[in-house]
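Q: I'd like to get my bearings in this structure and then have a close look at one part of it. Please keep it chatty, but spell out the cut-offs.

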Amino acid sequence: MTNYAASAVPDWASRPWVVWSVFGVLAVGAMGLELVSRRLDATGSPMSRGQARPVPAGRAPVAGMASLRAPESAGPVRGRDGELDSLRALLARPEGRYAVVGGVGGIGKTTLASALAGVARAEGRSVFWIRWRGTEELAEQMTRAALACGLPETRLEEARAGRAGLPDVVWEQLERTAAWLLVIDNVDTPQAVGPDGEAVASYRGWIRPGGRGLLLVTSRNTDPVVWGPRAIVHRVAPLEPAAGGQVLCDAAPHAGTPEEARALADRLGGLPLALHAVGRYLAATGSRHHTFTAYAAALDTQLGTLLGAPHPRAGDPDVGRTLVRHTWELSLDQLAADGHPLARPVLRLLSLLAAAPVPVSLLTPELVTGATGRQTGVTEVEAALNGLHTYGLLDTPAHHDGHPALGLVVLHPVVREITAHAHTAESTDPYRYQRTLVSRLIEAARGVAEARSADWDRARLLAPHLLAATAHPAEEHHRDLADAADHIGRSLTEGGAYGTALQLRQAAHRITARSSGPDHPDTLDSRNDLANALDLFGRHQEAADLHQQVLTARERILGADHPDTLLSRSNLANALDHLGRHQEAADHHRHVLATRERVLGPDHVHTLHSRNNLGLALGYLGRHREAAGFHREALSGYERALGADHPDSLNSRNNLALTLDHLGRHREAADLHRQVHGTYEQLLGPDHPDTLHSRDNLGLALDHIGRHQDAVDLHRQVLGAYERTLGAAHPSTLTCRSNLGLALEHLGHPHEAAELHRQVLAAREGVLGPDHPHTLQSRAHLATALTAARQADTTSRPPRRRRFPTTRRT
C-alpha cells in the first residue's frame, strides 16, 4: 500500500487537514488507512469506543480514535418538546436542508441534539456524532462516517490521488445513503471548518445540506447569513420556569418543593447549564446550601463563590464551556479574534444596567470611549452589538404582538449577573464604567420632553436604568441624577405609568434630602412631587401625611399666601378628599380659591384648578348643583385659556359630565363623556389611565340611560386594563369593579354582581378602613345585590332593575 504522504495531489489536498488528518495523524502510512477503513460491525453500526478492534499482528492499537457514537443523555430532557418536534419533522423530510441548533453557551444545544439522536436511533437510522475540535479531526471523522455508509475504498483512493476532493467524495456517499443523522457539535467557529477560503454558505466544504439524511450542526453562532439559505436555524431559548424546576428536582429531589424549584429556575433565567450546576451543588454532601430557597437567597450576596466562582482550568475550552462563570468568555475570545475587540467592554457596560431592555441609542461611541479609554466610532460599536447578538450573549425583546422590538437589546439574567461580577472582580478601575454610564443616562434623560406622548416610551425605557443608577449614586452625580429621576418621573406621570413614576420620585427625594437637607426648597419640592405620586398610586394616607409636612414647612418658611404654600394646601385637600374627609377638603379648597382669586386673579390657570377642585369636593358632599356651577365656570375658563382639547379642559368637561349624571341629566352626561373619551383616545391612546377613566365614566352614563349591555362591555374592558397596569387593589380598579357590578345587576345578573361587590368590599375594608365612604357604599351595594339575588332565586320573573348611587370617577 502506498504511503499517502508521498502521493502527488493538488495544492488544496496536500494540506495537513486532508492528508494527515485522515491517515497520518492516527498512524503513519498503511496502518492509518487500515484503521480509518474499518467497516461496520455485524449490525451495520460503526464500532463504538470500548469494542475490540482487529489489529494486524505485530502492531499496537492506536489511541485517540474518537467515537462516532452520540453521547447518552444524563437524564430526561425537559421543556424541549416544541423544538424537538420541529427537528423531528426536518429529520423525516430534510428536502435539501440542514439544521443549525444555536444559542448562547450553556443553553442546551448539545442536549437537544442528543435527544434527536435518540429519536433517530429508535427509528432505525444510522447516527454519527462528531465533536468539533479542529479541521483535521473533522476530516478524519467525516471520512469514517462515509466509510460506515459504504464508501468504496476505490473512491477514497481517488481522493488520495488528487482526482477528487475529499469533502466531495464523503458527501457523495452520504447523499447516496438513506436514513441517517450526522451531528457536528460545537462548531462555534464556522469560518474555520474549511476548506480554506470557502464560506460555509457556499456548501463546498464539510458542511452541506444532506439529500436523504439530516446534517445537524450545533453552534453559538446563530447568524443565518453564515450558514446559508439551506440552513434551518433553531435559536434555542431558555427553559420556562416549570421545565427548569423539573431539571432542578431531577438533580436534587430532596431540596424542596416543585414550587420552590420553579422560583429558583426563574431566578436563574432557565439557563440549563446553570440549572444543572445548581442541581449538582445542592445534591453534593459538602455544599453549604441544600435547599432551593437557601440557594436563591444566597445568590444575592454570594454569587462570587457560587455560580461566579473562577476555575483554575478555565483556559481549556473543554472545561470552560462547562462552567457558568467562564463559558461566555469563549464567545468573547472568539469575537475578539474575529475583529470585534469592543464586544467584551460593550457586554460589560450592558451588564451594569438594569435587568430590562436597553435602547441601542444609549450605547454611543462616546460612552464606550469614556468607559474604555479607547477611541471608537459608530461602526465598531454596532459591530460589537451585532457580534454579541450572533453569539447569543444578548437578544432582541419582543413586542406584545410577538414581533422583535428592533433598537432594543436585553441580556439573559445570568449572563448579566456573571458578567457584572467578572467586571468588578477583574477591572483595575471597576467604577469607571459605572460613572460613565450614569453621565450618559443623565444626558439621555435631559433629551426627553415631559409633555410629549412621543417621548413617553423613551422615558419608560430609561426609567429602570435610572433607578438602578440611583441605588449607589457617585458624589459628583447626586444633584444631576436626582433631577434626571424627577424629570423622567414627571414624564411617566403624564404617560400614565404611575408605579414606575412613584419609584423614581422616591429615589429623587432620597437623594435630594440626603444632599440638601430636610427643609431645603428643593427637598420640599421633591417631597411634594413624591406625595402626588403616592396619591396617584392610591396610597392616600401616606400622601396626605407628606403634604401636611410640606405645608407646615412652607407656611413657616414662605408664609401662608406664597404660591408654593397654596399649592401644598391644594394637594393636601385632594389627598383628604380621596381619604373620604370631604368637608376638610372643601374647606381647604375654598381657602385656596379665595386667596388665588385675590392674588392671581379669577382667570389664572391655578385659580381655575382651585375652582375645579372645589367643585369635586362639593360633589363628594352631595351638593351637586353647587358643584355643577363651579365646573361650568372652570370649563369655560380652561377653554378660553388653554383650548378645548387641552388635558385640563378635558378633565373639567369630564367632571361636569359626572355632576350632570348625578343631577339625573344622563343623556347630556353621556354625550359629554363620549366627546371626552373620543378626544382622550385620539390624543393619549386607548390604554392611558385618563382614557380608561373616561371610558369607565361613559359606561356609567350608558348604564343610566338603559344601555346596560354596552355599559357592562365597557366596564369589563377597563377592568382588565386596570388590573394589568395598576393592580387589583388600586382604587381605580376597585371603582371599576364596583361599576361593573352595578351594570350587571341592572342587566339582570345579581349573583355575579354580588360576587364583585363582595370582592370590592373586602378590598376597601383592608385598604380604606371600615368607615370610609367608599367602603360604606360597597357595603350598601352588596346588600342590595344579595337581596336581588334572593328574589331571583325565589321567582321565575327576572328581578326588578333598580337604580343605585353611582361611584364617582375624577
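Among contacts in the protein between residues at least 6 apart in sequence, what percentage join residues at least 24 apart? After that, please zoom in on the pair formed by the rings of Tyr98 and Tyr203, and carry on from there.

A: The answer is 65%, where a contact means heavy atoms within 4.5 Å. Before going further: this is a predicted model, so local features need pLDDT of at least 70 and side-chain atom pairs count only at pLDDT 80 or more, while totals for chains, interfaces and linings use all residues. Residues are numbered from 1 along each chain as its sequence is written, and side-chain values use heavy atoms, with hydrogens and water left out.

The protein has 35 helices and seven strands; these are DSSP runs numbered from the N terminus, with helices being H or I of at least four residues and strands E of at least two. Of its 810 residues, 52% are buried, that is, under 20% relative accessible area, against over 50% for exposed and in between for partly exposed (1.4 Å probe, protein chains only).

Now for your pair. Rings of Phe, Tyr and Trp (its six-membered ring) pair up if their centres lie within 6.5 Å; planes under 30 degrees apart are stacked, over 60 edge-to-face, and the rest tilted. That rule gives three aromatic pairs. In one of them, the ring centres of Tyr98 and Tyr203 sit 5.9 Å apart with the planes at 90°, so this pair is edge-to-face. Tyr98 belongs to strand β1 (residues 98–102) and Tyr203 to the loop between β3 (180–185) and β4 (214–219), so the pair ties together parts that are 105 residues apart in sequence.

Tyr281 and Tyr295 make another edge-to-face pair, since their ring centres are 5.4 Å apart and their planes at 70°. Here helix α11 (residues 272–283) supplies Tyr281 and helix α12 (residues 292–302) supplies Tyr295, so the parts tied together are 14 residues apart in sequence. Tyr295 is buried too, at 2% relative accessible area.

Back to Tyr98: among the residues that touch it is Leu215, which lies in strand β4. Leu215 is buried, at 0% relative accessibility. Not counting residues up to four places away in sequence, Leu215 also touches Ala99, Trp171, Trp180, Leu182, Ile184, Ile207 and Arg208. From Leu215 to Phe128 is 87 residues in sequence and 9.6 Å in space, C-alpha to C-alpha.

Ser610 is buried, with a relative accessible area of 0%. Its side chain makes a polar contact with the side chain of Arg596 (2.9 Å); such a contact is a pair of N or O atoms within 3.5 Å and, within protein, one must be able to donate a hydrogen and the other to accept it, with residues adjacent in sequence counting only if both atoms are side-chain atoms. Leaving aside neighbours within four places in sequence, Ser610 is in contact with Val592 and Leu593 as well as Arg596.

Last stop, helix α34. Its buried residues include Pro750, His757 and Arg764. Down the helix axis, the buried residues fall within an arc of 165°, so they line one face of α34; the arc is that of the directions from the axis to the C-beta atoms. These buried residues pack against α33 (731–747) and α35 (773–794). After α34 comes Gly769, with a positive phi near 100°.
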